[in-house]
Structure formats: structure tokens, C-alpha cells
Amino acid sequence: MTPMKRFPAFRIHADEADTRAGIELVDLEQLSDGDVIIRVHYSSVNYKDALAGTGKARILRRSPLVGGIDLAGEVVMSSSNRFAPGDTVLVNGSGLSEVHDGGYAGYARVPADWIVPLPAKLNLDEAMIIGTAGFTAALCIHMMQQNHQLPEAGPVLVTGASGGVGSFAVHLLARLGYEVVAATGTPGADGYLRKLGAQEVIARDEVEIGRDLLGKARWAGAIDNVGGKTLSSVVRSTRPWGNVASVGIAGGSSFQLSTMPFIIRGVNLLGVSSSNCPQSLRRHIWERLGEDLRPGQIRSIHAQTVYLEDLPDVFTRLLNNEIRGRVLVKVLDS
Ligand SMILES: NC(=O)c1ccc[n+]([C@@H]2O[C@H](COP(=O)([O-])OP(=O)(O)OC[C@H]3O[C@@H](n4cnc5c(N)ncnc54)[C@H](OP(=O)(O)O)[C@@H]3O)[C@@H](O)[C@H]2O)c1
């Protein structure tokens, strides 16, 4: 298949003063360099995409760039001997929509090193419902398991539970036999989170404790999407030798802590960065997502499918906390 001459792309122009984003017709020569050209079928909407597309935070380190930190599709041209036309593949993070044109366009041109073969038991759309959010949840769990987080140690807390990372974290932990406590600020999310496997659902503000250096030890471990005071409270109320994966900043980026949780209880604070995850680990996590971590409830977590032209509205709704689960972007027909 010969890539078409011009195709639609959701492009972001960001400078110190302003961010402008919208659909433009581009050609292959305008895309960042790479040895593989992919016909993009699907992408997704992550918190970071919404920040980049609205300019609410400075995500792009080059401008303009095609947005979209995730993409899945079919190889149409390759000068790498590792990929051939017809291969179904995905790319997540790796600098997409930060320093390299991303997945919100009919085609992407990327280095072969960044490409992950589509796991055998996932379709292209399933891979993008999972996307960076599901990948990051799986990465957290993998890191916690490597640090000896066992189901029998007790309840694992997930904050920001109804979001993309949170939904997959709840579901994947439950599938592995962990007792999951989901903390949410979304009214009416109780049934959804229990269906994904949460044994208990608590209100967002129930996580926060006072300012004591150590709080009552409640959680055997945690995946925190919120940051700020929430993260501080979670670490201070984690049981001895528990693992807290720090993922997100939905509630703030700075936090205060003493060393007490670490040196008295042996709590581990695990930093999770999906964007620059080493490629061998990235491939391993995706393999797990197609095997033992394959989410059984992908369709329940899928909130809606949108097209490139819908992105500005979706970004606003996501940042206003009006979306539960994951938004899939159908690029092929946009
Ligand atoms: N480190 C990494 O590699 C990585 C990768 C992916 C995402 N992230 C980060 O992880 C977070 C979640 O990403 P996502 O794509 O899952 O976003 P999302 O779908 O928008 O989910 C964020 C969730 O956080 C909660 N929340 C929103 N605003 C909040 C506030 N002001 N205070 C407390 N909680 C709030 C909401 O859940 P409830 O209503 O259920 O509380 C919301 O659904 C983001 O901060 C994102 O930047 C990091």
C-alpha cells in the first residue's frame, strides 16, 4: 500500500504565549523522521494528551507536533529488517507528542526501536483502549510484584480510581487476586469500580490523614494517580514493607513527607515513568497485557470512541473529570 499524499493530522502549535491545536492536512515529509511508516488505525486520550492539546501544561518540547502519545496500526513501509508491511504494531510514550509527531494522524513515521509488535491476543482497538493508561497500570503492578507485593499482605489502594490508569489498576490488581480498595471523587462510580473488581470503594477525601509523621497503617500497597497531599497521606498510612507506586499529578505535584515511613516501616516509594520506560521492559509489559495481565473487562473500561475532530471537547471533559474509563480515538476514518 502506498501512503496517501496528504492526510488529516491533529497538530499542536505551542509556544511561551499560546497553544493552538486543530486538524490540518499534512504530508509524510512534514512528519518527524523514522525508518518505519505506520498507517494509524487507533489512538487514545490520556491525561497528558489533554494537557498537551489545551496547553494546560507544557508537554511539547518541540513545536509544532502531531498530538497523541499512543498509536496502533499497520506497517506500510519499512527500511528496518525488523518490521515489514502488513505487521500490526503499536507505539506508546517514547517521546510521541513530546519531541516526535504522535498518533493523531493518518500516518506516523517512527524509529523501529520504539515499535512494539501487537500482542497476539489483542486487537488494534483493544490495544488502544489499554493505551498508555493501561500500560502504566500494568507497569506499576509489575514493579510492585518485583518488590514482593503479595496479595496476602492485604488491601491495595488505588486513588483516582475511575480514571484511565485507575480503572485498569483496579481491574488488573483484582484479576491477580489482590484485595482492591478504590478511592474516587466521582459520584456514582461505585458500581463501575466494583464491577472492575474493587472490594471496597471509598471517597477521595477518606484517604487524607492529618499531618502526623506516620498514620494508622492501612494499606499493604497503593497505586496513586493523584499526587500532592494524597500521596503524602498514602505513604504515611502504608503498612511495613508496602509499595506505593507514584503515577500521577491529578491533584498536585509537590508533597511533604518525613523519612519515617521509609526508615521505620520500610515503605517503598516507586517512581513510575511510562514515557521513557526502557524498550525491553516496555515489550515485556505489553506481552503480559496480552497474556496473564490481559484485562477481561476492556469493554467496560471503554468509555467511548471519538474521531480527531472531537478531541478539543474530549480534552476539556477529561480535565474537568467528566470521563470515566478510557476514550478510544478512531483515526482511520477521521
Ligand atoms: N507516570 C506515568 O508514566 C503516567 C502515565 C499515565 C498517566 N499518568 C498520570 O496519571 C494520572 C491519571 O492519568 P489518566 O490518563 O488515568 O487520567 P484520567 O483518566 O483523567 O484520570 C484521572 C483521575 O484522577 C482523579 N482526579 C481528577 N482530578 C482530581 C483532583 N483534582 N484531585 C484528586 N483526584 C482527581 C479522577 O478520579 P476519581 O474521580 O475516581 O477520583 C480522575 O478520573 C494523571 O495525573 C496522568 O498525568 C502518569
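Axes here are lines fitted to C-alpha atoms, for helices over the stretch in contact, and angles run from 0 to 180 degrees between N-to-C directions. Helices (H or I, at least four residues) and strands (E, at least two) are DSSP runs, numbered from the N terminus. The model is predicted: local features need pLDDT of at least 70, side-chain atom pairs count only at pLDDT 80 or more, and totals for chains, interfaces and linings use all residues. Residues are numbered from 1 along each chain as its sequence is written.

**Exercise 1.** Describe the packing of helix 1 against helix 9.

*Solution.* Step 1: the axes of helix 1 (residues 47–54) and helix 9 (residues 311–319) cross at roughly 120° and come within 9 Å.
Step 2: with contact defined as C-beta atoms, placed from the backbone, within 7 Å, Tyr-47, Ala-50, Gly-53 and Thr-54 of helix 1 meet Leu-311, Pro-312, Phe-315, Leu-318 and Leu-319 of helix 9.
Step 3: the residues of this contact comprise seven nonpolar, two polar and no charged. Ala, Val, Leu, Ile, Met, Phe, Trp, Tyr, Cys and Pro count as nonpolar, Asp, Glu, Lys and Arg as charged, and the others, Gly among them, as polar.

**Exercise 2.** Characterise the shell around the ligand.

*Solution.* Step 1: 31 residues surround the ligand, each with its C-beta atom, placed from the backbone, within 6 Å of it. The closest are Gly-160, Ser-162, Gly-163, Gly-248 and Gly-251.
Step 2: helix 1, helix 2 (124–146) and helix 3 (164–175) are the elements that give two or more residues to this shell.
Step 3: by class, the shell has 18 polar, eleven nonpolar and two charged residues.

Technical notes: Two residues are in contact if their C-beta atoms, placed from the backbone, lie within 7 Å.
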